[in-house]
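Good morning, colleagues. Please look at the sequence and the structure first.

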Amino acid sequence: MSLAEWEFQSLEERHHASKPKFNWDNSVGALTPEVDDPAPYELYFSTRCESTAVDIGRGQSMRKSLGFGWLGRAIDLGPDKYDVDLLADVYAEMDRALHHRQFVRLDLLLNGLSLDRLSPEILVTVLRATFRAKPKLPQWADTIEKFRSSLEQRGIDSKRALRGIL
Amino acid sequence: MGWLHLSTDMPPSRAEFVGVAIKTTIPERQQRHVALVYRKTGADDPRISHLCWHETFRDESWAGDMAWLEIADLANDALNSRSLVGFLHRLRMGNPLVPYGFMDQGCLFRVDDVSGRIEFVTADAQLGLTCASFITCVFRSIGLDIVDEPTWPAERPGDAEFRKFIIDELGKSAKTSRRAKEISVEKFDVRIRPEDVASAAAQGDWPVQFDQAKAIASEIVAELDEMRNPPRSAVGLVEL
């Protein structure tokens, strides 16, 4: 089993464990259109590196990532490494999720990540890419605390690393 | 020199290096241009990311024609420098069409779901960015406000002339004349000048208030002027 598959399975387990917190049939469901028609869970949290080349005109093409492909790549890279392409994809994919108002999906993902498997660069970038939606993310305060704690455990000044978004 | 490195000095070869580059473009109008300078990795050449003109965003190799300074707030903050470089790389890959304008409140960068490109989104046709507000918008997008805009004066001497000059220039080209009609001399947000951005970048306590920015901005302008017109002794040294 690859690390990405492990993470996927782990996330899925946590999702079921946290299900009572998110009542898919009533109040939280009313917050976002996506919950009214929930897609299969694996579509929400796919960590596979799904991507396809898209013609963007002007003779250029770029890779369009589907789902949260960055997560599998970040886990495979490990907690001590980063690369700029991956950070750029984190911004792009989180932005796309916000654009589609997938707040429940994001909230679950952020709160359920195995932070110690991800590099500090990824942690900081994930939060900088999503902070604009914090009023829509019910577990944001808890999520922030988990991220801060993970950074502090690595000897990083979390207050400074996350300035502007706390 | 105090704040600025000469354009001939190569920015440091650190992966997390991010700086601000500035130059005087039209000396008689005291018009300047500002850009972000960064390295994707330590092995890559430095690049500049900037808004040159209406719908003319560029991310290009460092040409060595601008003075520069390292962003003080990020100098000892590799995590946020790297995250910012990730954001700039995303802009580079998306090559967004950014309109020029004097009002920027509500402007944001967003990924288009169909094309996968990053777009610049405005709620109003009059909204757009200058070279300086492009930089403040980039930082705002990742949660870092570098300037405290409410502390800036609503209008300073020269601002109205600047807007009129820009609209006149936009009107001269068939490609941009429509934009000249969309934006107005009368509708504007506070103007953050290129030297204000450079000044904020030189300081480590963000967001920088106008009074803090003003003094260093003046010194940066003086340095740029000196680079254009070096004192006679310095000219002699260069010639030697």
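A salt bridge here is a side-chain nitrogen of Lys or Arg within 4 Å of a carboxyl oxygen of Asp or Glu. By that criterion, six salt bridges are counted between chain B and chain A. One salt bridge is formed by B:Arg90 with A:Asp95, where the closest N and O atoms are 2.6 Å apart.

Before continuing, the conventions. The model is predicted, so local features need pLDDT of at least 70 and side-chain atom pairs count only at pLDDT 80 or more, while totals for chains, interfaces and linings use all residues. Residues are numbered from 1 along each chain as its sequence is written, chains are lettered from A and ligands numbered from 1 in the order in which they are written, and side-chain values use heavy atoms, with hydrogens and water left out.

How much area do chain B and chain A bury between them? The figure is about 2,900 Å², with 51% of it on carbon and sulfur atoms; buried area is the accessible area (1.4 Å probe) that two parts lose on being put together, summed over both. Chain B supplies 32 residues to the contact and chain A supplies 30 residues, contact meaning heavy atoms within 4.5 Å.

There are also 13 residue pairs in polar contact between the two chains, both residues at pLDDT 80 or more. A polar contact is a pair of N or O atoms within 3.5 Å; within protein, one must be able to donate a hydrogen and the other to accept it, and residues adjacent in sequence count only if both atoms are side-chain atoms. On the side of chain B that touches chain A, the elements giving two or more residues are α1 (72–75), α2, β6 and α3 (131–141) of chain B. Of these, α2(B) gives the most, with 10 residues. Helices (H or I, at least four residues) and strands (E, at least two) are DSSP runs, numbered from the N terminus.

Within α2 (residues 78–94) of chain B lies B:Asn80. Why does B:Asn80 count as buried? Because its relative accessibility is 1%, and buried means under 20% relative accessible area, exposed over 50%, partly exposed in between (1.4 Å probe, protein chains only). Beyond its neighbours within four places in sequence, B:Asn80 contacts residues including A:Val124, A:Arg128 and A:Arg160. Its side chain also joins that of B:Asp77 in a polar contact of 2.8 Å.

Finally, chain A. It has 10 helices and two strands, and 54% of its 166 residues count as buried. In helix α7 (residues 103–112) of chain A, 10 of the 10 residues are buried.
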